[in-house]
Amino acid sequence: MSDAVRRFVQDGDSIVIEGFTHLICFAAAHEIIRQRRRELTICRLTPDLIYDQLIGAGCVSKLIFSWAGNPGAGPLYAFRRAVEQGIPTPIELEEYSHFGMVARLTAGAAKLPFYPLRDYMGSDLPRVNPLIKTVVCPFTGEELAAVPALNPHVAIIHAQRADENGNAQIWGLLGVQKEAAFASKHVIVVVEEIVSESVIRSDPNRTLIPGLIVDAVVHEPFGCHPSYAQGFYDRDNDFYVSWREISQNEQQFNSYLNEWVFGVRDRAEYIARLGDALSRLRAKPAFCEAVNYGY
Amino acid sequence: MAIELPNFTPNELMVCAAARQLSDGEVVFVGIGLPNLACNLARRLHAPKLVLVYESGAIGADPKRLPISIGDPSLVTDSLSVCSMFDVFTYYLQGGLIDVGFLQGSQVDRFGNLNTTVVGDYRQPKVRLPGSGGACEIAIHAKRVFVIGPQSKRSFPERVDFITSPGFVDGPNTRKELGMPGAGPALVITSFGCYEFVDGEMVLTSLHPGCTLEQVRENTGWEVRVSSNLATTGIPSPEELRIIREELDPTHLFI
């Protein structure tokens, strides 16, 4: 992880660490904070705890997003401190709705300049974001909203498993990981398990991200904790609830970073420090019926 | 005036009032908290074929525990389909498949516009709220929108500080003029009563038992219209309460 971040995430880059509640790569965000990257533009539909941590740690100059909260558990206070008081640094906001962000990444992935959508009429969002524009359909004359392509420098995508070439399989909530990966110039895939190519080939429909667009594969078990990985471990909801208090004042926020980010060398040390806490999160089995790929 | 209240919480009443408005076979865009409870309650009673769609991509979800976030893994296990967010917003929502969309707002105004973006000025907010998420497009596309949440003078201003998700914007014809496919807000359920919309404006149609018109007026930032057929909201049945308390929210997280 340390090598992948050092090589592909530079000061001033735009990055996307996707995952809609599911498969949020805390391991990558923590490594970026440890390497003290600065002036990042961070993109994501739902900047949650890891983006709150990146913002509070001073790594960020701009946020491109559609919903900034602690899902199911309250506000993000480091984000709010930055927006409301400029602490530790002011951040620029570029704000859409989910559909707008999905559309931006889809255009980016398709290498189109923009994406049309029937949205935003009557909303104040276009008033505060001049990049939400309109376009007239050349066939029907209908006026549609249009948002520009988003092509981040780096996408970091957590997957359940991949082979060593980065052919990555994801099941459960898929979010916009595929669009984010195809839209970005570089892709880092982080996985719970490295499997052989034959495992991938036995179930090709499940491959969301092909190795041909992947620059680095990182094996990082429990890399999403306190987020979850379907079939591997559940969300550590107690931590999400406690984040409200941790993030509420700067001192507690900083002591969290000192203990759990700067205070560990890598993810393995973080996991070791969690100890037994992880065993209660392990997923119960719920296997699917096998399908026949034969002909 | 002291009125003896039956044994249920305001949130339980709100959940039941919302559940009763859902018809079997409808496709519902569900939110976490009270909307999720209302939809799962309806599925267990009069609407077993209600299709629950979550913006995280779970279609036809059948959660076996109370989902604590919109992306809870229990929405995936046993669902009919799990798709990408592109599919959810493009094919399901923009594609016109959603009958009812549930929304909440930190501010709701007389035209049913919702604000989840900022309190105060956008550039120098007093309080920075989470933002739209999928709410803006749900408000535009769902055939009907249900709004559910607490009510106070602050959360019910005459005009929201920021329209994140448009209701009727500023009058009865604006949605149509702007080309919005959905019909807009149909029902607002608060801690005091239920509202419907006439000529694009919120009208109080039922008061919850124990609540008064004075309370409603004290907690509304404009002179609220009251239906000439003002009713009393039906109270939860013992079976509804049993399902909510024992099956849906046994740790009383949302009720």
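A: Gladly! Let us begin with one residue and its neighbours. V147(A) touches Y96(A), G100(A), A103(A), R104(A), F114(A), Y115(A), L131(A) and I132(A), leaving aside residues up to four places away in sequence. Please keep in mind that this is a predicted model.

Q: Where does V147(A) sit in the secondary structure? And is V147(A) buried or exposed?

A: V147(A) belongs to strand β7 of chain A, which covers residues 143–148. For burial, we count the C-beta atoms around a residue, and 20 or more within 10 Å make it buried. V147(A) has 28 other C-beta atoms within 10 Å, so it is buried.

Q: How far apart are the C-alpha atoms of V147(A) and G166(A)?

A: Those two residues are 19 positions apart along the chain, and their C-alpha atoms are separated by 30 Å.

Q: Now for a wider view. How many helices and strands does chain A have?

A: Chain A has 11 helices and 12 strands. Its radius of gyration is 19 Å, close to the 19 Å given by the globule rule for 295 residues, so chain A is as compact as a globular protein of that length. The C-alpha trace of chain A spans about 60 × 60 × 35 Å along its principal axes.

Q: What share of chain A is buried, and what share of its contacts with a separation of 6 or more comes from residues 24 or more positions apart?

A: Of the 295 residues in chain A, 51% are buried. Among contacts in chain A with a separation of 6 or more, 73% join residues 24 or more positions apart.

Q: Which residues meet where α9(A) and α10(A) pack?

A: From α9(A) come E245(A), I246(A), S247(A) and Q248(A), and they meet Q252(A), F253(A) and Y256(A) of α10(A). By class, this contact holds three nonpolar, three polar and one charged residues.

Q: Could you show me a helix pair in chain B too?

A: Of course. α1(B) and α2(B) pack at an angle of about 55°, and their axes are 8 Å apart. The pair is therefore oblique, and its crossing is right-handed. On the α1(B) side, N11(B), M14(B), V15(B), A18(B) and A19(B) meet L34(B), L37(B), A38(B), L41(B) and A42(B) of α2(B). The residues of this contact divide into nine nonpolar, one polar and no charged.

Q: Lastly, how many residues does each chain give to the contact between the chains?

A: Chain B gives 41 residues and chain A gives 41 residues. On the chain B side, the elements giving two or more residues are α3 (85–93), β9 (125–128), α4 (135–141) and α5 (174–178). That side of chain B divides into 22 nonpolar, 15 polar and four charged residues.

Notes. Residues numbered from 1 in each chain as written. Chains lettered and ligands numbered in written order. Predicted model: local features only at pLDDT ≥ 70, side-chain atom pairs only at ≥ 80, totals over all residues. Contact = placed C-beta atoms within 7 Å. Helix = DSSP H or I, 4+ residues; strand = E, 2+ residues; numbered from the N terminus. Nonpolar A, V, L, I, M, F, W, Y, C, P; charged D, E, K, R; others polar. Rg over C-alpha atoms; globule rule 2.2 N^0.38 Å. Buried ≥ 20, exposed ≤ 12 C-beta atoms within 10 Å, placed from the backbone. Axes fitted to C-alpha atoms, helices over the stretch in contact; angles between N-to-C directions. Parallel < 35°, antiparallel > 145°, perpendicular 65-115°, else oblique. Left-handed = near helix turned anticlockwise from the far one by under 90°.
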